[in-house]
Amino acid sequence: MNAGLCLSDPHPDRAGDGSPMRTLSATRFAGRYRLVDFMLSSMVNSRIYTIGMILNSHYQSLIGHIGMGKEWDLARKSGGVTFFPPYHADDRRSVNSELDGPLQRAAGFLAESKAEYIVLADSSVVYNMDYRAAIDAHKKSFADVTAIYARKTIDPTERENAIAFEIDDSGRVRDIVRTPNSADVINVSLGVYIMQKRVFIQLIAGEKNCGMLRFSGSLLAESLERLNVVAYEFKGYTAHICSIETFFHYNMEMLDIEKRNALFDFEGRRIFTYRRDSLPTKYGKDAEIKNSIVADGCQIEGTVIDSVICRNVKIGAGSIVKNCILQDDTLIGNDVMLDCVIADRSVVISDTRHMVGYRTYPVYIERSRVI
């Protein structure tokens, strides 16, 4: 039996889509999805049904999205998804207690489970993976830890939160490099580690909470001499969302049908998400849509080009939306012109407004803002 552990906010000082009020794993992607959907779907597609979610802050949107986990077949009497939020100091518990850390409570939860192997995953990385092949390779190699990576070049906007592996000819990880400065193809960590639960508990002993950078760049890197850390290559599509620039870049990549199919149709595995009983999108007689993703529940009277439109968005007549990401419940008035704009949830843009950004520097409009 295997169990999963997800760091829902692996880079707590970063907001993937620009919002400081939303944990990173709740960031929207490709219109209908959240980042956490890809990790949860990979878990259940790999028959991992006991999953712990390490929470940090601003996690209400994430909990509301996952709920009991029904869409991922995690609404179970045994196993399912368990949330580990941070405690706040009160009269009953000292803030200095080691048990205050959600990571330590999750370790206790895993220790009591029947799971032998743990899959530790970073929810800010998008992929469609079957962990079972990596788990089998881990068992055959007799490794202490298996680190999953992809061979790719990284965009400069990713480097601050990127982790790369130096791998020898035997497949063993010899060094872990933070913020690699290279334009070549390198071994980029996907933030997925497989290990026996006893190894995990030993690694995080004394840690109340930690992000993926600390786990990989410090805890694991400092243990390379005494632990056998073996690399496993994943050859599918990957995207690391760690900044507003990467959020914009990889959402725009989903407009490429080959890359979209490489993610959502990879080896026949589905990506699951929270389902809403929304009406189909309604298009006006003068609406024009070109190379865009449009979710359900929208009403579009204007023109949409090369954009990602989330649920329940309304775009008025005569408006032109180009190279934009419009999140749920956004309202665009008539005769509006937007180019390279990210609108958070429930934004209202009044008639005749013009806003222009650039692909490497998109304009971000915060949640519920009226322009």
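1. A quick definition to start: strands here are DSSP runs of E with at least two residues, numbered from the N terminus. With that in hand, strand 11 gives the largest share of the lining of the largest cavity, namely 4 residues. Please keep in mind as you read on that this is a predicted model.

2. Let me stay with that cavity for a moment. The count comes to 1 cavity of 30 Å³ or more, and the largest cavity holds about 160 Å³ of space.

3. Which residues lie nearest the centre of the largest cavity? They are V125, V188, S189, L190 and H240, out of 17 residues that line the cavity. At least two lining residues come from strand 11 (186–196), and at least two from strand 13 (239–240). If you sort the lining by residue type, you get 8 nonpolar, 6 polar and 3 charged residues.

4. Now for the chain as a whole. Its secondary structure consists of 8 helices and 28 strands. Along the principal axes, the C-alpha trace spans about 65 × 55 × 35 Å.

5. How does the radius of gyration fit with a compact globule? For 371 residues such a globule would come out near 21 Å, and the chain has 21 Å, so the two agree.

6. Among contacts with a separation of 6 or more, 57% are between residues 24 or more positions apart.

Notes. Residues are numbered from 1 along each chain as its sequence is written. This is a predicted model: local features need pLDDT of at least 70, side-chain atom pairs count only at pLDDT 80 or more; totals for chains, interfaces and linings use all residues. Side-chain values use heavy atoms; hydrogens and water are left out. On a 1 Å grid over the protein atoms alone, a cavity is a set of points where a 1.4 Å probe fits but cannot get out, and a pocket is an open set with protein on both sides within 12 Å along at least five of seven lines; lining residues have an atom within 4 Å of a point. Grid points are joined across faces, edges and corners, and a volume is the space filled by probe spheres set on the points. Ala, Val, Leu, Ile, Met, Phe, Trp, Tyr, Cys and Pro count as nonpolar, Asp, Glu, Lys and Arg as charged, and the others, Gly among them, as polar. The radius of gyration is taken over C-alpha atoms; the globule rule is 2.2 Å times the number of residues to the power 0.38. Contact means heavy atoms within 4.5 Å.
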